Amino acid sequence: MRNVVFLCDLYKKCEKLARISWKLFTFQEIYAILNYIPKIRGDYVIKKEMIAMLLAGGQGSRLGVLTANVAKPAVSFGGKYRIIDFPLSNCINSGVDTVGVLTQYQPLRLNTHIGIGIPWDLDRNVGGVSILPPYEKSTSSEWYTGTANAIYQNLRYMEGYNPDYVLILGGDHIYKMDYEVMLDFHKANHADVTLATIPVPMEEASRFGVVITDDKKQIQEFEEKPEHPRSNLASMGIYIFSWPVLKEALLKLKDQPACDFGKHIIPYCHEKGQRIFAYEYNGYWKDVGTLGSYWESNMELIDLIPVFNLYEEFWKIYTRADKIPPQYIAAGATVDKAIIGEGTEIYGEVHNSVIGSGVTIEKGAVVRDSIIMSSTVVGENTIIDKAIVAENVQIGSGCRLGTGEEVPNRMRPDVYAFGLVTIGEDSVIPSNVEIGKNTAISGETEKSDYPDGKLAGGETLIKVGER
């Protein structure tokens, strides 16, 4: 069995070489190797150059009723995807095959969607995708209290791969990025930390962490959401750390309440004089943290020349796909400038909208400038203008959504804005009601919930879920 011992030694040094070498061995030797591999994984450390830690536990409260029962990264996007599909696809397209997904808020749908990572080719024996919820320790039990605290609580997971570099990602942005190019930039500059940055309009810079760099892109100053920003180069919440630097910072700040990368880890590294660089990204990137940005980014998918192209062959976005029938467009139906999901039946009209899978738009119904998520039914002769309708909603016949003038929402004017009608998942809208702009509805509503058959602009009707 000399060959077995030899291969096991190679396995510890180079997983890829071990895979190639399988054909050199007999069945008996392979059986012995498979029995020995758990010992390798337990007694020694599996080496990965770079692993990714994907923060996907956020509630996304600025999306209102859309995230009442689902984490923000699991919200539908573009008719067939979920928001988390984009960073996961970026990982596998960039050659990052080990991803820890940190979940916390309403994780069920996210966990079900990711599964063992098959759609993204992340179902690996060594590496692949791992769901990392908070868990009870022998000495304590606590939720993730900040972005860096969440990473710290999974220190043992990272140590198991002994990476050279750790990539920190958010799970709630729409973009395509080759992380390998960013890693090359990190290596070329002998950086300790690299932040992905993007130029933003100066009037929006106060919403982000902003950096000031020298002519070599080394960061001289970092300000987290400054009231009066001195730069428009914003942090995207994407970081590459050299592993010893990250580990030391996490251990040093482990007792910091609500430890966060932007507020604590990056300033700590800066104060220590470590080499922190800004990798400037100039592609499409959208933080879909508000209903307005979420609606806008979906509408951009259906532009004549899309700013963000889902159809590029060389950088595919992967997702879990259900086995459902093809779409059906009835005779007399009208579809103009729209994305239509599989299994959807259209008997009415759709204009400039994104329609998910398994949706039914009945005869005489008109949908304009709207997002209709999967398994929703729009009744006969209902007219919808500029709405976001979540999954599995039943809208009766003869309704009017998005009528009248814009009035600020009385309950949450910062959330339910942009002239939108927002309807949470599993909601029921009775027939022949009228709903104004900047409104929100969640739950099984009845005709009696609508005085004079109307929900006036700026009102909120929440019978279940988010308030």
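In this predicted model, the exposed residues Pro244 and Lys252 sit on the face of helix α9 that is turned away from its buried side. The buried residues of α9, which spans residues 243–252, are Trp243, Val245, Leu246, Ala249 and Leu250. Viewed down the axis of α9, these buried residues fall within an arc of 160°, so they line one face of the helix. Their cover is drawn from several elements, including the helices α6 (147–152), α7 (155–159) and α10 (261–271), along with the strands β6 (165–170), β8 and β11.

Strand β8, one of the elements that cover α9, is worth a visit of its own. Residues 193–199 make up this strand, and six of its seven residues are buried. β8 has pairing partners in β11 and β12. With β11 (residues 233–242) the pairing is antiparallel and involves six bridges; here Thr197 is found opposite Ser235. With β12 (residues 276–280) the pairing is parallel, over five bridges, and Thr194 lies opposite Phe277.

Attention now turns to a loop residue. Trp120 is located in the loop that connects α5 (108–114) with β5 (128–132). Is this tryptophan buried or exposed? Trp120 counts as buried because its relative accessibility is 1%, below the 20% cut-off. Leaving aside residues up to four places away in sequence, Trp120 touches Asp85, Leu88, Ser89 and Ile92, then His113 and Ile114, and finally Tyr318, Thr319 and Arg320. The C-alpha atoms of Trp120 and Asn90 are 9.5 Å apart, with 30 residues separating the two in sequence.

Technical notes:
Residues are numbered from 1 along each chain as its sequence is written. This is a predicted model: local features need pLDDT of at least 70, side-chain atom pairs count only at pLDDT 80 or more; totals for chains, interfaces and linings use all residues. Side-chain values use heavy atoms; hydrogens and water are left out. Buried means under 20% relative accessible area, exposed over 50%, partly exposed in between (1.4 Å probe, protein chains only). Helices (H or I, at least four residues) and strands (E, at least two) are DSSP runs, numbered from the N terminus. Two strands pair if DSSP finds at least two bridges between them. Contact means heavy atoms within 4.5 Å. The arc is that of the directions from the helix axis to the C-beta atoms.
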